[in-house]
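Have the sequence and the model open as you read.

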Amino acid sequence: MKSNYSNIYSFNKKTLKKTLKHLGKGKIAGLPTETVYGLAGNAYSLKAVKNIFELKKRPKKNPLIIH
């Protein structure tokens, strides 16, 4: 899987719209939390879920938390 890294953008409507568009296509995004950045993806997208497991090098037996 090819990883694309980009800049950290300020939150605004344009950035939100772009992020939602990517998530809708099964892509993933890094989002800030209170302490660290988390990976976000559409839980109903097999492609997004597989990408998160691959990026995190997470064992398939270790489930993801969905919020």
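In which strand does Gly30 lie? Gly30 lies in strand S1 (helices, H or I with at least four residues, and strands, E with at least two, are DSSP runs numbered from the N terminus).

## What you're looking at

This is a predicted model, where local features need pLDDT of at least 70, side-chain atom pairs count only at pLDDT 80 or more, and totals for chains, interfaces and linings use all residues. Residues are numbered from 1 along each chain as its sequence is written, and side-chain values use heavy atoms, with hydrogens and water left out.

## Around Gly30

Gly30 is partly exposed, with a relative accessible area of 49% (buried is under 20%, exposed over 50%, partly exposed in between, using a 1.4 Å probe and protein chains only). Skip its neighbours within four places in sequence, and Gly30 is in contact with Tyr37 and Gly38 (contact means heavy atoms within 4.5 Å). The C-alpha atoms of Gly30 and Gly41 are separated by 9.0 Å, and these two residues sit 11 apart along the chain.

## Helix H1 and its two sides

H1 covers residues 13–24. On its buried side you'll find Thr15, Thr19 and Leu23. Seen down the helix axis, these buried residues fall within an arc of 70°, so they line one face of H1 (the arc is taken from the directions from the helix axis to the C-beta atoms). Strands S1 (29–32) and S2 (37–40) are included in what covers them.

The face turned away from that buried side carries exposed residues, among them Lys13, Lys17 and Leu20. Just after H1, Gly26 takes a positive phi of about 85°.

Note on methods:
The expected span of a helix is 1.5 Å times one less than its number of residues.
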